Amino acid sequence: MTDGSSASRRFRPGIVIAGLCQSPIIKPILSDWDRFWFQPQSPLPMALFRILFGMLMIQFCVLIQPDLFTWFGSRGIVSSGAVHSFSLFVELNILNVFPDNDTWLSILFFIFFLGTISLTLGYRTRISATVVFLGICSLYHRDPLLFNAGDTFMRQVALWLPFSSAGDAYSIDQALRNKRAGKPWYAEGEPSSPWVLRVLQIQLCLVYAHTFYGKTQGYTWTDGTAVYYSSRLVELRRFVVPYIFDHEWTVHMFTYGTLLIEFSLAVLVWIKPLRYWVLAAGLCFHMMIDLNMSIPQFEWLMMVSFSLFLYPEDLRKWIHHVANIIYWRFQPDARQTPLP
Amino acid sequence: MRPSDLTALSPLRNYILFLGIDQDWRVFAPKPRDTNLHLVAVVTRQDGTLELWEYPRMERMNFVDRLYRERFRKYAHDNVAWGGFESFLPDLALYIARLNNNPGNPPVRVSLVRYSAPIPVPTAGVNHDFPEALPPQSDTETITTYAVKPGDLE
């Protein structure tokens with residue numbers, strides 16, 4: 001015989017989960033989780049990153065354009081057939097939708113290039129970011145052996161940018177919105193959920209975490225000689241930096257220093273008092289590599305990505321400071337009246 | 001192992017590869033390459049003469065040219081010059097044949113040769129005479145030979 005009391009004793013997962021969420025241990029964790037991902041935040045870091053990333057994408061197009069047909073053309077170094085036989089998966093490649101000829105390649109590349117410019121300017125930002133993603137993804141799938149880890153990071157970024165608030169500050173989109181609302185053209189948009197910013201921050205940390213872990217598996221990194229070998233790859237050498245790569249103690253220091261900085265950029269960057277110190281170390285690290293090695297765009301992309309970790313209040317302060325300097329320079333009479 | 005190979009992500013593998021967001025962050029890991037190399041193509045013409053064509057070499061370029069031609073280094077030095085990319089080699093050889101085409105005496109065969117040399121193991125950390133101390137790239141291996149077919153050069 002069944003009655004209401006047995007029904008009331010039936011296990012109800014929803015009630016149990018709701019009860020757990022209200023427990024004194026779980027509730028603060030959920031609250032922090034929610035705040036981390038969704039508490040509205042200024043769009044400034046994403047906007048700055050959009051501009052810098054967009055400039056790198058423009059450079060990407062400029063650098064690859066002279067050899068466009070060599071790499072992606074119908075009579076280039078790599079045929080579509082060879083790529084198809086290499087990869088057995090269905091891959092997103094807009095070039096496959098159109099006839100395999102150089103005219104269509106030129107048209108699609110031009111659209112991609114326009115997308116990089118409009119992304120940088122913040123015009124139709126979401127659409128522009130989508131065009132950029134489709135462009136870089138298609139080129140990658142047309143000729144995957146051309147692209148390095150930096151290009152992979154570019155694809156990751158371009159995938160997420162359309163969902164972000166990157167167009168809500170210092171963009172044509174925002175200037176037009178401000179004009180309609182009667183605000184100054186440079187006013188930043190309303191704070192919004194920063195979940196895309198968090199995804200990109202975590203993505204960047206994963207890059208460093210993965211490469212740190214990968215390096216710990218190699219004996220040249222653990223015996224301290226890896227930097228010696230990398231500095232002797234003649235095809236990558238930009239300048240012969242004196243002394244640093246010629247002595248055992250400096251080679252050891254830079255090898256272990258690389259591991260330390262990459263670990264810091266993956267982990268310690270999340271600790272607020274350490275963040276700017278870690279980013280400063282990361283900047284020095286990448287500039288040092290860029291001085292010594294010619295790996296176009298990769299180091300610059302990593303440095304540009306550090307802007308994702310800038311606190312909006314600091315960024316606003318710096319931008320305001322720079323804007324004031326420019327304002328005073330061109331309007332000397334207004335020295336006593338800083339920008340609003 | 002790539003993240004998309006993980007069991008937890010395997011249901012998403014096809015989508016990850018479709019979107020081109022598969023990741024493998026191993027910059028100089030687990031160890032930097034310990035070999036210097038360059039590629040040379042030997043082009044055999046119809047009359048039997050041989051010509052050499054050198055694949056772009058970064059170390060012989062100026063700052064600006066390196067920026068523009070980095071993809072050549074990436075494509076060959078990090079990829080096709082080594083094993084596992086055999087399906088790409090005929091296209092590369094054909095490209096070289098087209099570059100060196102002379103209708104009166106066309107190429108009939110292209111051989112791509114890798115010249116390499118290991119980077120010496122550091123001894124007591126004293127390498128003051130870098131880069132002159134690096135050995136000449138004299139180890140050779142023919143990585144492909146392509147017989148140019150009628151119609152290839154049209």
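Predicted model: local features only at pLDDT ≥ 70, side-chain atom pairs only at ≥ 80, totals over all residues.
A:Arg124 has a phi near 50°, a positive value in a residue that is not glycine.

A:Gln297 is partly exposed, with 19 other C-beta atoms within 10 Å.

Which residues of H16(A) are buried? They are A:Phe298, A:Glu299, A:Leu301, A:Met302 and A:Ser305. These residues cover an arc of only 160° around the axis, so they are on the same side of H16(A). Their cover includes H4, H9, H11 and helix H15 (272-292) of chain A.

Next, let us look at the largest nonpolar core, which has 66 residues. Those that touch the most other members are A:Ala47, A:Val132, A:Phe133, A:Ile136, A:Val157, A:Ala158 and A:Leu308. Among the elements that give two or more residues to this core are helix H7 (102-121), helix H8 (125-142) and helix H16 (298-305) of chain A. The largest share, 9 residues, comes from H4(A). For a close look, pick A:Ile136: leaving out residues up to four places away in sequence, A:Ile136 touches A:Met154, A:Arg155 and A:Ala158. Apart from this core lies another, of 26 residues, including A:Ile77, A:Val78, B:Val43 and B:Ala93.

That brings us to where the chains meet. The contact takes 56 residues from chain A and 47 residues from chain B. On chain A, the elements that each supply at least two residues to the side touching chain B include H4, helix H6 (80-86) and helix H12 (219-222). By class, that side of chain A has 29 nonpolar, 17 polar and 10 charged residues.

Finally, turn to chain B. The domain assignment gives domain 1 (1-26) and domain 2 (33-120 + 129-147), and the C-alpha centres of these domains of chain B lie 32 Å apart. In the loop between helix H1 (13-18) and strand E1 (35-45) of chain B you will find B:Pro30. The peptide bond from B:Ala29 to B:Pro30 is cis, with omega near 0°.

Note on methods: Residues numbered from 1 in each chain as written. Chains lettered and ligands numbered in written order. Core = buried A, V, L, I, M, F, W, Y, C linked by C-beta atoms within 7 Å. Buried ≥ 20, exposed ≤ 12 C-beta atoms within 10 Å, placed from the backbone. Helix = DSSP H or I, 4+ residues; strand = E, 2+ residues; numbered from the N terminus. Contact = placed C-beta atoms within 7 Å. Arc of directions from axis to C-beta. Nonpolar A, V, L, I, M, F, W, Y, C, P; charged D, E, K, R; others polar. Domains from an automatic or database assignment.
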